[in-house]
Every structure is written in C-alpha cells, then in structure tokens.
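Open the model in your viewer and keep the sequence beside it. The stops below say what to select and what is there.

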Amino acid sequence: MSARTPSSSEAAGAAEAPHRAGFACFVGRPNAGKSTLTNALVGQKVAITSNRPQTTRHTVRGIVHRPEAQLILVDTPGLHKPRTLLGERLNDIVRATWSEVDVIGFCLPADQKLGPGDRFIAKELAGIKKTPKVAVVTKTDLVESRTLAEQLIAIDQLGKEIGLEWAEIVPVSAVGDQQVGLLADLLVPLLPVSPPLYPEGDLTDEPEMVMVAELIREAALEGVRDELPHSIAVVVEEMLPREDRPADKPLLDIHANVYIERPSQKGIIIGPKGKRLKEVGTKSRKHIEALLGTPVFLDLHVKVAKDWQRDPKQLRKLGF
C-alpha cells in the first residue's frame, strides 16, 4: 500500500486551519491526578502535587502553547463535602470556574472504582449543558489492561445513566507520559477560534509570590501527619533582590511565614532541633530557584493563626 501525497488544495486547507485558544478545566474528587496532569501538559511545574487530598487551593492557570492553538488549563481544588468555611470557599471556586471554561476534563483514577464522590460530581456536570465534557482516566500506569477496560466501560455507563454525554473518554498516565499529547490533541478542537490569549513563552499567569508560597507549602506537606495538611498556609511577606550584589551574582531574599492552627502543630513542622523546617527550606528553595531562574536566600518562620480555616478574618489575611 503506497503512501498518498496530499494535493495542493488539501495542503492549503491544513495551513489555513484557524488558530484556537481557550480555557479547559480539570475537575474530579480530591487526589484524582489533576495537578500532575496539568504539570505534564504544560511541561513544567505550575501546580503543586501531593499524595494528600485537597492540596490545591488556588486556581492555577497552566498555558500549553502549540503552533495552531493555545490551551489554558485551569487547575481547581477537588470538589468535596465541606467541613469548614475554607472548604465551602474552595467548592465555590470550583463551581464558578466550571461556568466560565470552554471544555471540562473530568479526572477519574484508573486504580479506584467509581464511588459516590464521582457520581456527585458527574451529576453536577450533567447540569452544565453547553460545555463539552471529556472523561480523563488518570493513573493508567497503576493498573493492568483488563482493569482499565472495566473502568472505561463503567465511565461510559455512568454517563448514560445520568444523561451526561462524553465528548471523549481518554486514558492517560501523566507520570508515565502516556497519551498526554493525545489528550491535548482532543481538547484543542473543542476550543473556540481565537488568537493567542497569552504571550508566547508564558507558562502561567499566577503571580510569582503565590507560586513561591505554593512551592513552600508543597515541601511542608511532605511527610507530615494526616491531620496537618489542611492546617498549613504559607504567605510570602517579601521578595527583594539583595542590594550591593554584582550583576553576575544576583541573590533574591525571600521572607515567608508558614502558618498553622495550633501551637501543638509547631513542633511537627519545625522538627527536632529545627531539622524538618531546614529540609522544607532546602527542598522548596531548589524548586523556587528553578522557577525564578536566580539564586535565592529563603527565610522561613512558623507562626500560629488560631483556627484560621474557620475564621473569615484570618482566611482573608491568608488570601482566601
């Protein structure tokens, strides 16, 4: 069978395909792989990841640049049953985002059977009529092909049961880099025809101070007890270039506070003789230097903001 050469009219048609640009958002229950997928598509860390649920608090936009399209990914917190005022505000962010994007990707992990949380989100999505929905089956590297096939059938069936029409059902592994490019290929045609919305080279529109705070919080989350992640907030107080440094040896001074809710949590974050806080500083500094492209001096302090998740005044102060 010989390969066919496209005719001149076909080639011209391909060249004239309109540029598309728009917003896609990944939703799903907490810890469904949304942030990892965002980072894989963008090709750089723009969303914090953790094996703890509910680690994403800010709506991070990652920007995927292609010659024919610009895909802006909105990474929302996982929708969940709220127990605190913070939880309610996070859910409000999710719903507001859903109503504004051009396409919704519903992330469903391949290694977990569909549960009440997935059905709850699917029913909410079924109420959004105009926006196309793509079912993204994440973490496919963790299961065998038979389990994956069963999950694909279950997701198709779920859509039929509640009247939710999938534009596509796509299995991916962000960690194994399997079908991540295909997912982008399938999302692009669902975007509106539009010129680029962000300059070439921009990977996110998140302010640098917010991203730095998130990288510190990600490092602080690692290895702490189960009850602590939701109690941690980080605020960068200032980021200033060190004065009197030669141009070829710049240094950025970053002063940040790690807030917890109770004095008893302070020891967990700081660790014996300050060892844990030092590790948090070392780990996050590497990521911050990679993000900003400059050497950094990181000054971290741990402070108590009593019951901040339930206090509207404290929530405002901490940026929620």
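Does Phe-106 count as buried or exposed? Select Phe-106: its relative accessibility is 0%, so it counts as buried (buried means under 20% relative accessible area, exposed over 50%, partly exposed in between, with a 1.4 Å probe and protein chains only). This is a predicted model, in which local features need pLDDT of at least 70 and side-chain atom pairs count only at pLDDT 80 or more, while totals for chains, interfaces and linings use all residues. Residues are numbered from 1 along each chain as its sequence is written, and side-chain values use heavy atoms, with hydrogens and water left out.

The structure holds one aromatic pair. The ring centres of Phe-106 and Trp-166 lie 6.1 Å apart with planes at 35°, so this pair is tilted (rings of Phe, Tyr and Trp, the last by its six-membered ring, pair if their centres lie within 6.5 Å; planes under 30 degrees apart count as stacked, over 60 as edge-to-face and the rest as tilted). Phe-106 is in strand β4 (residues 103-109) and Trp-166 in strand β6 (residues 166-171), 60 residues apart. Helices (H or I, at least four residues) and strands (E, at least two) are DSSP runs, numbered from the N terminus.

Next, select residues 275-292, helix α9, which has 18 residues. Among its buried residues are Leu-277, Val-280, Ser-284 and Ile-288. Just after α9, Gly-293 takes a positive phi of about 70°.

Definitions and conventions:
Expected span 1.5 Å × (residues − 1).
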